[in-house]
Amino acid sequence: MMKKIYPDASSALDGLLFDGMHLCVGGFGLCGIPERLIDALQENGVKDLTIASNNAGIDNEGLGKLLRSKQVKKMISSYVGENKEFERQFLSGELQVEFCPQGTLAERCRAGGAGIPGFYTKTGVGTQVAEGKEVKQFDGENYILEHGIFADLCLIKGWKADKAGNLIFRKTARNFNAPMATAGKICVAEAEEIVEVGELDPDAIHLPSIYVKRLINGGPYDKKIEFRMTRQKAA
C-alpha cells in the first residue's frame with residue numbers, strides 16, 4: 001500500500017503547490033471545510049489561486065483567510081454570504097468572481113471528475129448566469145451549456161477515515177466534499193479521526209480510497225459557528 005498518511009498539512013501539500021493553480025475546496029460555510037489544509041496554503045504563501053468552492057467561509061475563517069492575505073485571484077462560488085472581505089474585493093474589482101448556482105457547481109465538479117467536459121441545464125436560463133454561454137433547445141425548452149470543473153488539486157475534509165484513505169462524511173459536510181474529491185488531478189484530505197483498515201462499515205463509506213492520494217489527521221477541531229442567533233429571553 002502506498003504511503004497516504006502524512007504527519008501534518010504542510011507535508012501533505014509538499015511539492016503540490018504553485019502560483020496560479022486551480023483548486024477545488026470542499027465544505028459549506030464553516031461546515032466540513034479542510035481547515036488545516038487551508039492554513040497550510042496560507043502559510044505557504046502560494047498566490048494567484050483560482051478556487052472553486054461553495055463560498056469563501058467568513059472573515060478570517062476558512063477560505064476567508066486566503067482572501068485577507070490576497071492569495072486568491074478568482075472564486076467560482078454560489079454564495080458571498082457573511083464574508084464582508086469577499087464582498088468588498090468583488091465590488092472593488094480586486095477579485096474575479098464567477099457566480100454559479102449551488103446545484104450546478106456540484107454537478108460541474110461531479111462531471112469533471114467523471115470525465116464529462118460539459119452538460120446542459122435549465123438552471124440560470126434567462127438570468128445573468130446564462131450570459132455568454134451556449135444555449136440549446138431540447139423539446140422546445142432552452143438549456144445552457146455548463147463546463148465541467150477539473151482542478152490541479154482538491155482539498156477536502158472527512159469525518160472518519162481509515163488508513164487506506166476510505167472516507168465517511170458527516171451530514172451536511174457530504175454535499176460538496178464528495179463531488180469535489182474526484183474533480184482534480186490530486187486529492188488531499190484531512191479527517192477528524194483515522195482508524196485501522198476494516199473498522200469502517202463498507203456500506204457506510206462515501207468516498208473510496210482510490211480518490212484520496214494524501215491524508216492527515218487534523219483533529220481535534222473547535223466547533224465554529226458561522227452566524228450565531230439567539231432567541232430573546234422569555235418575559
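Modeller: A disulfide here is a pair of cysteine sulfur atoms within 2.5 Å. The model is a predicted one, in which local features need pLDDT of at least 70 and side-chain atom pairs count only at pLDDT 80 or more, while totals for chains, interfaces and linings use all residues. Residues are numbered from 1 along each chain as its sequence is written, and side-chain values use heavy atoms, with hydrogens and water left out.

Colleague: How many disulfides does the rule give, and how far is the sulfur of Cys154 from the closest cysteine sulfur?

Modeller: Cys154 is buried, with a relative accessible area of 0%, where buried means under 20%, exposed over 50% and partly exposed in between, for a 1.4 Å probe and protein chains only. The cysteine sulfur closest to that of Cys154 belongs to Cys24, and it is too far away for a bond. The count is therefore zero disulfides by the 2.5 Å rule, and the distance from Cys154 to Cys24, sulfur to sulfur, is 4.8 Å.

Colleague: Which cysteine has the sulfur closest to that of Cys187?

Modeller: Cys187 is also buried, with a relative accessible area of 2%. Its sulfur lies 5.6 Å from the closest cysteine sulfur, too far for a bond, and that partner is Cys154.

Colleague: Which strand gives the largest share of the lining of the largest pocket?

Modeller: A pocket is an open set of points on a 1 Å grid over the protein atoms alone, with protein on both sides within 12 Å along at least five of seven lines, and lining residues have an atom within 4 Å of a point. The largest pocket, of about 350 Å³, is lined by 17 residues, with Cys31, Gly32, Lys157, Glu192 and Lys223 nearest its centre. The lining divides into six nonpolar, three polar and eight charged residues. The largest share, three residues, comes from residues 151-162, which form strand E8.

Colleague: What volume does the largest cavity have?

Modeller: A cavity is a set of grid points where a 1.4 Å probe fits but cannot get out, and the structure holds one of 30 Å³ or more. Residues lining the largest cavity include Val25, Phe28, Ile33 and Leu63, and its lining has five nonpolar, seven polar and no charged residues. Its volume is about 40 Å³.

Colleague: Within what arc do the buried residues of H4 fall?

Modeller: In helix H4 (residues 84-92), Glu85, Phe86 and Gln89 are buried. Seen down the axis of H4, these residues line one face of the helix, because they fall within an arc of 105°.

Notes
Grid points are joined across faces, edges and corners, and a volume is the space filled by probe spheres set on the points. Helices (H or I, at least four residues) and strands (E, at least two) are DSSP runs, numbered from the N terminus. Ala, Val, Leu, Ile, Met, Phe, Trp, Tyr, Cys and Pro count as nonpolar, Asp, Glu, Lys and Arg as charged, and the others, Gly among them, as polar. The arc is that of the directions from the helix axis to the C-beta atoms.
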